[in-house]
Amino acid sequence: MLETLLTHVASAAEATGETTEASGDIMSSLGIDWQMLAFQIIGFALIVFLLGKFVFPILLRSIDERNAKIEEGLKAAREAEDNATKAQSKIDDQLAEARREAKEIVATAKDEATAMLSKADEKAKQNAKHVLDQAHDEISKEVIAAKKALHNETLELVASATERVIGKTHSAKADKAVIAEALKGADK
Amino acid sequence: MSSHLSRTKIAHYVAEQLRAGKRDVVAELAAFLVEERRTGEADLIMRSTLEQLEAEGIVLADVTSATAIDEAIKTELQKLTGAKQLTLREHVDESVLGGIRLETPSQRIDATFAHRLSQLRERKI
């Protein structure tokens with residue numbers, strides 16, 4: 001096919017060579033060779049044709065494939081970015097929830113600690129009051145016991161002293177007077 | 001005497017005999033109590049006898065004092081007991097310290113210092 005094409009191009013060049021002889025002087029003064037130009041144009045067209053038929057499709061296909069891959073990659077990247085954003089958002093939500101729960105736990109713990117302290121304080125006060133009351137009771141009992149002991153000891157001392165004094169000083173005359181007084185009292 | 005006479009009846013009999021001046025009744029009573037095996041009732045019978053005599057104005061009383069009592073006190077004692085005939089058994093006991101204690105079958109009057117001191121000691125709590 002290529003040989004047939006080149007044969008046709010040569011025949012056409014020979015034909016145009018004859019018709020352009022008249023204008024050849026202006027062109028040769030410009031340095032333009034019509035035959036060569038025609039060959040170059042035909043060759044360029046042939047190359048363009050061949051490239052367009054055999055090379056450019058392959059190139060374009062590979063470029064398209066590469067674009068598709070790039071597009072795929074970009075899509076995957078966007079999807080990954082979306083997923084990452086969603087995951088981050090989820091993490092942020094969970095963190096916020098965890099912080100809220102932690103805050104609640106701390107508040108509850110503080111309240112419970114305050115309540116326990118109050119209870120312990122109240123219990124300590126009650127214990128102290130109980131100890132104080134017991135001490136007061138003990139002291140009262142001891143005071144009462146001491147008063148009893150003093151009362152009894154005083155009675156005993158008075159009785160003993162009276163016995164000794166009367167034993168030493170009571171005369172028969174005084175005794176007679178005491179007896180007479182006692183009998184008068186008994187008579188009444 | 002018949003078997004198992006009451007103490008009251010025995011005491012009444014003894015009192016009658018004593019009022020009549022028959023002192024042998026005491027020996028009779030002792031023999032009776034031994035025979036009847038009622039010697040444990042001797043004190044009760046004697047007390048009952050004395051009570052009956054006291055009811056009739058014949059009083060046997062024990063008098064205790066730290067010093068010997070004189071006639072004036074004896075007269076006061078007779079007035080106090082209201083007895084027609086008062087027989088005193090006098091006891092001198094220095095431990096009573098002073099005052100007088102009179103014991104008859106039916107009453108006891110303790111006006112001794114020892115008794116008063118004892119009452120004082122009883123007020124211990």
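Between domain 1 of chain A and domain 2 of chain A the count is zero salt bridges (a salt bridge being a side-chain nitrogen of Lys or Arg within 4 Å of a carboxyl oxygen of Asp or Glu). The model is predicted: local features need pLDDT of at least 70, side-chain atom pairs count only at pLDDT 80 or more, and totals for chains, interfaces and linings use all residues. Residues are numbered from 1 along each chain as its sequence is written, chains are lettered from A in the order in which they are written, and side-chain values use heavy atoms, with hydrogens and water left out.

Domain 1 covers 2-17 + 31-148 of chain A, and domain 2 covers 149-187. These bounds come from an automatic or database domain assignment. The domain centres, taken over C-alpha atoms, are separated by 117 Å. Four residues of domain 1 are in contact (heavy atoms within 4.5 Å) with four residues of domain 2. The two domains bury about 240 Å² between them, 33% of it on carbon and sulfur atoms. Buried area is the accessible area (1.4 Å probe) that two parts lose on being put together, summed over both. Ala146(A), Lys147(A) and Lys148(A) supply 93% of the area that domain 1 buries against domain 2, more than any other three residues.

Chain A also meets chain B. Here 22 residues of chain A are in contact with 23 residues of chain B. The chains bury about 2000 Å² between them, 72% of it on carbon and sulfur atoms. Leu155(A), Ile179(A) and Leu183(A) supply 26% of the area that chain A buries against chain B, more than any other three residues. Three salt bridges are found across this interface. Lys124(B) and Glu156(A) meet through their side chains in a salt bridge (2.8 Å, N to O).
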